[in-house]
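Please read the points alongside the coordinates.

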Amino acid sequence: MAHTYPPLNVEVRTPRLTLAGASDELLERLVPLVRAGVADAEPWPFDDPISFYADNPEREWRWLRGIWAGRARVSPDAWRLYFAVLVDGEPVGMQDLIATNFTRFGTVSSFSWLAPGSRGQGLGKEMRAAILHLAFAGLGAREAGSDAFMDNKASNRISRALDYEPNGTDWDTRRGEPARIQQWRLTRERWERTRRPDIALTGVEECLPVLGID
């Protein structure tokens, strides 16, 4: 179904999965995964306004409110695109693309989660590759960043495999406790060296005016 709001019509397709604009219909299909406990296994994720640590049903309510609020905060400098990750048509997680100071610096970062039962199958790397293709090939980004806690071996391994460079360390919290994070950066030039020919974009051109991209 075509949506009035162009970001909800954006799709990124790879041979293994599709990133589909997270419409309310897709969010409802993701609710059972959130309710079942996305953050019930280590390594624990970041604290976030869409906290997975709250008890049900507050967990789902906060998650939905966070996404709805994020959709509404859009300017040429700052925006966040939300995608449901679909494998054989079934939602298994989410992949977001986040921009701050985009018109000045062209930088983006990503945030993602997978349901525990879908981890360890290479989907995390595939969905990150898909969102990077959207960022660089579709939206003209100059650089992409990623952060992960030091003990999140899977996320850090994905960044390394996709040719990100280490970009220092910092601190963040999870369950209210501080923990050190590894920061990564991927320039357009490095991405171009391993750019994949098998990722397709749909609906991006119509989305550009919403994000203030010429």
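1. Helix α4 passes helix α5 in a right-handed crossing. The model is a predicted one, and the points below should be read as a description of that prediction. In α4, the residues that meet α5 are Gly124, Lys125 and Arg128, and their counterparts in α5 are Ser155, Ile158, Ser159 and Ala161. Sorted by class, this contact has two nonpolar, three polar and two charged residues.

2. As to geometry, α4 covers residues 123-138 and α5 covers residues 153-161; their axes come within 10 Å and cross at roughly 50 degrees. Because of that angle, α4 is oblique to α5.

3. The other helix pair to check is α1 (residues 24-37) with α2 (residues 58-72), which pack at an angle of about 140 degrees with their axes 9 Å apart. The pair is therefore classed as oblique, since only angles over 145 degrees count as roughly antiparallel. α1 passes α2 in a right-handed crossing.

4. Which residues of α1 and α2 meet? From α1 they are Asp24, Leu27, Leu30, Val31, Val34, Arg35, Ala36 and Gly37, and from α2 they are Arg59, Glu60, Trp63, Leu64, Ile67, Trp68 and Arg71. The contact of α1 with α2 has nine nonpolar, one polar and five charged residues.

5. The sheet is open and has nine strands, in the order β7-β8-β6-β5-β4-β3-β2-β1-β9, with mixed pairing. β7 (165-174) and β9 (200-202) stand at the edges with a single partner strand each, so one side of each lacks a neighbour in the sheet. From one strand to the next, the twist averages 25 degrees.

6. Strands of a sheet pair through backbone hydrogen bonds, either parallel or antiparallel. Here, β4 (residues 90-99) and β5 (residues 107-114) run antiparallel and are joined by seven bridges. Within β5, Ser109 is the residue that stands opposite Ile98.

7. Is β5 parallel or antiparallel to β6? β5 and β6 (residues 143-149) run parallel, with three bridges between them. Val108 has Ala144 of β6 as its bridge partner. Between these strands the chain crosses from β5 through α4 to β6, and this β-α-β crossover is right-handed.

8. Phe149 stands opposite Ile181 in β8. α1 packs on the sheet, where it touches β2 (18-21), β3 (79-87), β4 and β5, and the direction of α1 makes about 105 degrees with that of β4.

Terms used
Residues are numbered from 1 along each chain as its sequence is written. This is a predicted model: local features need pLDDT of at least 70, side-chain atom pairs count only at pLDDT 80 or more; totals for chains, interfaces and linings use all residues. Side-chain values use heavy atoms; hydrogens and water are left out. Axes are lines fitted to C-alpha atoms, for helices over the stretch in contact, and angles run from 0 to 180 degrees between N-to-C directions. Helices (H or I, at least four residues) and strands (E, at least two) are DSSP runs, numbered from the N terminus. Angles under 35 degrees count as roughly parallel, over 145 as roughly antiparallel, 65 to 115 as roughly perpendicular and the rest as oblique. A crossing is left-handed if the near helix is turned anticlockwise from the far one by less than a right angle, and right-handed if clockwise. Contact means heavy atoms within 4.5 Å. Ala, Val, Leu, Ile, Met, Phe, Trp, Tyr, Cys and Pro count as nonpolar, Asp, Glu, Lys and Arg as charged, and the others, Gly among them, as polar. Two strands pair if DSSP finds at least two bridges between them. A crossover is right-handed if, with the strands pointing away from the viewer, the path from the first strand over the helix to the second runs clockwise.
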